[in-house]
Protein chains: 2
Amino acid sequence: MTREQELCNVCGAGPIVYHRIYSNERLCRACFIKTFEKRVVKTIAKYQMLRRDDRIAVAVSGGKDSLSLLHVLYKIEKKFPDARLFAVTIDEGIEGYRTEAVRNAVDYASRLGVEIYVYSFEELFGFGLEELMRTPEYRGLGLQPCSVCGVLRRKAINYAARKLGATVIATAHTLDDIVQTYMMNIMRGDLTRLEIGLRGDGSAAIPRVAPFRLTPEREVVFYAYLIGIPFQSHACPNASLSMRDMIRRFLAEYDERYPGSLYAALRSFEKIQVKQERQLKSCRYCGEPTNKDICRACELLDSLKLNTAVVSAV
Amino acid sequence: MTREQELCNVCGAGPIVYHRIYSNERLCRACFIKTFEKRVVKTIAKYQMLRRDDRIAVAVSGGKDSLSLLHVLYKIEKKFPDARLFAVTIDEGIEGYRTEAVRNAVDYASRLGVEIYVYSFEELFGFGLEELMRTPEYRGLGLQPCSVCGVLRRKAINYAARKLGATVIATAHTLDDIVQTYMMNIMRGDLTRLEIGLRGDGSAAIPRVAPFRLTPEREVVFYAYLIGIPFQSHACPNASLSMRDMIRRFLAEYDERYPGSLYAALRSFEKIQVKQERQLKSCRYCGEPTNKDICRACELLDSLKLNTAVVSAV
């Protein structure tokens with residue numbers, strides 16, 4: 001091996017810090033960051049995720065993925081003076097884990113000079129997640145905390161986005177997350193939603209886009225590390241072996257062994273359409289798209305006897 | 001728990017030998033066999049797999065799945081005097097493993113009084129698999145033995161079926177196999193074939209049907225055990241951690257944890273169609289459907305410099 005081979009194979013100058021196996025790019029720090037950000041720009045353009053005059057609500061949990069997204073979008077949107085960018089953070093009320101994440105989110109947004117709005121389950125629904133988990137209504141449902149938390153968080157973000165006049169919500173779902181979601185839907189026999197993380201078809205809800213759709217999770221982690229995003233020290237205490245975890249593990253191992261498989265799978269899902277597609281309706285309570293009369297979230301809020309006056313009052 | 005609860009919940013009489021978790025049927029020996037065979041009949045009817053006057057070539061490897069299929073189809077087809085049923089076995093030339101399987105196949109078919117035709121890679125291609133694996137051409141390809149063996153076996157079965165005047169080929173692929181194949185195609189980004197194990201669209205090739213499409217692998221194993229099918233003592237010496245193995249393991253674990261998921265996944269795949277479906281062509285050499293000019297099998301035969309005079313001469 002000669003000396004040159006240990007240098008970045010894009011610029012030919014910097015020392016290699018990252019090897020992109022599926023494309024055989026061996027990148028220095030600067031080229032990794034540059035190509036990473038360029039891919040986000042290309043993703044947004046390819047799927048027409050954002051418009052020049054959007055009011056973009058970035059869903060920021062405070063974890064490395066969402067802070068990385070905030071960072072990249074901040075850099076990109078500086079060039080679009082007609083667009084507005086702000087962060088929305090939901091405090092579910094999980095001691096330790098979320099307290100730290102919310103602090104990280106607020107600190108990081110302030111450092112960038114991006115406005116950030118924090119809403120809590122407590123103020124929106126009358127209960128924090130941990131309190132809620134102790135109610136007899138919650139216990140009666142026999143659901144995993146993640147299922148309930150996910151549905152309520154989605155609802156809370158929609159509420160915040162509407163209240164703040166957002167025209168689009170940007171989430172930090174990566175290539176891995178998107179493929180996992182398609183796969184989960186397949187394994188459940190539920191193919192009503194095929195446009196995951198895309199601007200969609202102009203239905204009632206505020207569209208959600210995932211600018212990391214073409215970015216592998218591991219690259220987001222590395223990007224976060226390179227640009228100095230604070231990593232969380234607390235893991236969520238409610239994390240459990242969910243459907244998604246089994247699918248995540250399988251896909252990660254598979255892509256490790258057959259690099260490029262996540263992209264191939266995404267290509268497959270993008271080619272698919274469903275025979276006799278069912279028309280989605282609007283939820284009678286909140287207007288979100290659903291294949292029943294009432295969406296899963298409102299159904300859940302109802303069976304949990306939660307206060308929904310606040311979230312309905314926009 | 002009362003005494004009754006330990007009896008079959010279909011007939012209420014026999015002792016329970018099998019618990020079908022996804023339907024909560026607890027079955028005695030007789031009811032397991034009856035419902036198993038009934039499901040095969042229903043599967044054939046639902047997908048219109050077989051016709052009253054078909055000449056059915058059953059692809060029999062000599063393993064438990066294919067001998068079970070031969071057994072069930074023999075029972076079903078006795079009621080259709082215009083149909084003809086025979087077995088086709090391919091001897092790939094794998095010492096020990098296949099030698100035993102071929103003997104099991106011939107013995108079992110004779111016991112049923114079903115004609116069986118054995119063809120070897122040696123007579124068809126001029127080489128047995130093990131011999132072939134020692135050639136420089138094979139080594140140059142850098143392929144797993146299973147990839148080459150699968151392609152050649154498929155070709156050999158098509159050849160035999162054509163030569164014997166079959167109108168349809170029945171294979172012992174189970175629900176598990178079919179879902180694995182769909183999943184492999186997804187993970188490869190290749191969705192040209194969506195009709196796996198179905199009679200298909202009348203293309204040039206002899207159609208292949210999988211009457212175990214709705215039968216889980218574990219039920220085939222149990223059926224084989226109940227009706228006294230000989231189990232193989234040799235495993236294939238070439239088996240390796242293939243793409244399919246990773247997918248098989250994942251799906252088995254997932255369905256174990258979330259029973260019914262294999263059926264749900266199959267439902268998903270049956271709902272799918274592909275945007276701008278490409279028209280399949282016929283292979284220039286063998287007439288099999290392909291999305292290139294020459295099918296994968298003929299391409300492989302060519303690069304292996306195998307003698308294809310025999311298989312082309314039908």
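Predicted model: local features only at pLDDT ≥ 70, side-chain atom pairs only at ≥ 80, totals over all residues.
Which residue of β8(B) stands opposite V274(A)?

**View 1. Strand β8 of chain A meets β8(B).** The residue facing V274(A) is I272(B), which sits in β8(B).

**View 2. The side of chain B that touches chain A.** Chain A and chain B put 22 residues each into this contact. On the chain B side, at least two residues come from each of these elements: α8 (175–188), α10 (243–257), α11 (261–271) and β8 (272–274). Sort that side by class and you find twelve nonpolar residues, along with six charged and four polar ones.

**View 3. The two domains of chain A.** Domain 1 takes in residues 1–35, while domain 2 comes in two stretches, 47–230 and 241–273. Going by C-alpha atoms, the centres of domain 1 of chain A and domain 2 of chain A are 30 Å apart.

**View 4. Where domain 1 of chain A touches domain 2 of chain A.** Six residues from domain 1 of chain A meet six from domain 2 of chain A. Helix α1 of chain A (residues 29–46) gives the largest share of the domain 1 side, namely three residues.

Terms used. Residues numbered from 1 in each chain as written. Chains lettered and ligands numbered in written order. Domains from an automatic or database assignment. Contact = placed C-beta atoms within 7 Å. Helix = DSSP H or I, 4+ residues; strand = E, 2+ residues; numbered from the N terminus. Nonpolar A, V, L, I, M, F, W, Y, C, P; charged D, E, K, R; others polar. Pairing = 2+ DSSP bridges.
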